[in-house]
Amino acid sequence: MVIGVSFFGPDSEHIMSGSDYGHTFVWKKKDGRVIRIMEGNKCIVNQVEPHPNIPVFASSGLENDITLWAPVSDNIPPLVHELLQVTKHVN
């Protein structure tokens with residue numbers, strides 16, 4: 001079951017959703033192809049929300065944890081790099 005659908009990307013070219021099985025899915029909006037499946041929570045992922053300006057999003061479910069996601073690359077903009085450093089210390 002798909003839960004908590006959101007759009008992602010500069011032109012909302014991706015669709016993200018959670019699932020009853022603890023995974024977050026990312027699809028290409030143009031052709032409906034699944035491009036990423038990520039295990040984010042142990043239980044249900046019922047909310048997936050993107051940041052409005054940078055390529056980061058959060059997922060949450062029935063647990064007390066929120067998972068933050070960001071693309072990984074050798075060319076990370078400074079704001080995203082700082083966010084990755086902060087999230088390492090939150091866990």
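**Legends to the close-up views**

**View 1. Glu49 and Ala58 are bridge partners, the latter in β6.** Two strands count as paired if DSSP finds at least two bridges between them. Between β5 and β6 (residues 57-61) there are five bridges, and the two strands run antiparallel. The model shown in every view is predicted, so local features need pLDDT of at least 70 and side-chain atom pairs count only at pLDDT 80 or more, while totals for chains, interfaces and linings use all residues. Residues are numbered from 1 along each chain as its sequence is written, and side-chain values use heavy atoms, with hydrogens and water left out.

**View 2. Three strands form an open sheet in the order β5-β6-β7, with antiparallel pairing.** Its edges are β5 (45-50) and β7 (66-69), each of which pairs on one side only. On average, neighbouring strands of this sheet are turned by 20° against each other, direction ignored. For this angle, axes are lines fitted to C-alpha atoms (for helices, over the stretch in contact), and angles run from 0 to 180 degrees between N-to-C directions.

**View 3. The aromatic pairs number three over the whole structure.** Phe8 and Phe57 are edge-to-face because their ring planes stand at 70°, with the ring centres 5.2 Å apart. Rings of Phe, Tyr and Trp (its six-membered ring) pair if their centres lie within 6.5 Å; planes under 30 degrees apart count as stacked, over 60 as edge-to-face and the rest as tilted. This pair links distant parts of the chain, as Phe8 lies in strand β1 (residues 2-8) and Phe57 in strand β6, 49 residues apart. Both Phe8 and Phe57 are buried. Phe57 also pairs with Trp69, in a stacked arrangement with 6.1 Å from centre to centre and 20° between the planes. Here too distant parts of the chain are linked, from Phe57 in strand β6 to Trp69 in strand β7, twelve residues apart. Phe57 has a relative accessible area of 6%, and Trp69, also buried, has 16%. Buried means under 20% relative accessible area, exposed over 50% and partly exposed in between, with a 1.4 Å probe and protein chains only. Phe8, Phe57 and Trp69 make up one aromatic cluster.

**View 4. Glu63 is placed in the loop between β6 and β7.** Glu63 is partly exposed, its relative accessible area being 24%. The C-alpha atoms of Glu63 and Lys42 are 8.0 Å apart in space, and the two residues are 21 residues apart in sequence.

**View 5. Arg33 and Asp31 form a salt bridge.** Side chains of opposite charge can pair when their charged atoms come close. A salt bridge is a side-chain nitrogen of Lys or Arg within 4 Å of a carboxyl oxygen of Asp or Glu. The closest N and O atoms of Arg33 and Asp31 are 3.5 Å apart. A search of the whole structure returns one salt bridge. Arg33 is partly exposed at a relative accessible area of 46%, whereas Asp31 counts as exposed at 52% relative accessibility.

Conventions. Helices (H or I, at least four residues) and strands (E, at least two) are DSSP runs, numbered from the N terminus.
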